[in-house]
Amino acid sequence: MLGLPAVVPIPFVVVAGIYGAQLAVDDAPLDVAAPAFGAGLVVAVELAYWSLDARDRVRGMPGDDLRRVAYVAALGVGALLVAAVLLALADAIRTRGLGVDVVGAVAAACALLAVVLFARGRGPASE
């Protein structure tokens, strides 16, 4: 990534978009692998940022790497649990219509906004 934190989310957004497009084309009701895919993306993004942090030649405190591994693991498990609960709720509701489409679009826009804000907060200007 050439050390540019602002471009880290771009390939992950593209992969998520391709996955979403594939789900739309297949017109499958629910993909039970979606929570694992989402959690994998969250962990991969965090590891990408960690690799940028590792480029700095500053030694951290003893145990920093272990704490970071625990944080990344907890983040992945949390993302998996939240996505699984949302998938179960979506399966239980199975509602169709404009209202549900609007709520889904707003949720997707908020998720993208969170990724962008998170990426901007990781840049050199925030230090």
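From the N terminus on, the elements of the protein chain run α-α-α-α, and the secondary structure comes to 4 helices and 0 strands. Helices (H or I, at least four residues) and strands (E, at least two) are DSSP runs, numbered from the N terminus. This is a predicted model, in which local features need pLDDT of at least 70 and side-chain atom pairs count only at pLDDT 80 or more, whereas totals for chains, interfaces and linings use all residues. Residues are numbered from 1 along each chain as its sequence is written, and side-chain values use heavy atoms, with hydrogens and water left out.

**Chain totals**

- Of the 127 residues in the protein chain, 14% are buried; buried means under 20% relative accessible area, exposed over 50%, and partly exposed in between (1.4 Å probe, protein chains only).
- The protein chain exposes about 9,200 Å², of which carbon and sulfur atoms supply 72%; accessible areas come from the Shrake-Rupley method with a 1.4 Å probe, and for residues only the protein chains shown count as cover.
- Among contacts (heavy atoms within 4.5 Å) with a separation of 6 or more, 74% are between residues 24 or more positions apart.

**Salt bridge**

- The structure holds 1 salt bridge, defined as a side-chain nitrogen of Lys or Arg within 4 Å of a carboxyl oxygen of Asp or Glu.
- Arg 68 and Glu 46 form a salt bridge, with their closest N and O atoms 3.2 Å apart.
- This pair links distant parts of the chain, with Arg 68 in helix H3 (residues 64-93) and Glu 46 in helix H2 (residues 34-54), 22 residues apart.
- Both Arg 68 and Glu 46 are buried; Glu 46 counts as buried because its relative accessibility is 3%.

**Nonpolar core**

- The largest nonpolar core has 8 residues, namely Val 8, Phe 12, Leu 41, Val 45, Ala 48, Tyr 49, Leu 52 and Ala 119.
- Helix H2 gives the most to this core, with 5 residues.
- A nonpolar core is a set of buried Ala, Val, Leu, Ile, Met, Phe, Trp, Tyr and Cys residues joined through side-chain atoms within 4.5 Å.

**Surface features**

- Val 82, Val 85, Leu 86, Leu 89 and Ile 93 form a nonpolar patch on the surface, with about 480 Å² of accessible area together.
- Patches are made of residues with over 30% relative accessible area and no salt bridge, like charges being joined within 9 Å and nonpolar side chains (Val, Leu, Ile, Met, Phe, Trp, Tyr) within 5 Å.
- One of the patch residues, Val 85, is found in helix H3.
- Asp 65 also lies in helix H3 and is exposed, with a relative accessible area of 54%.
- Asp 65 and Trp 50 are 15 residues apart in sequence and 9.8 Å apart in space, C-alpha to C-alpha.
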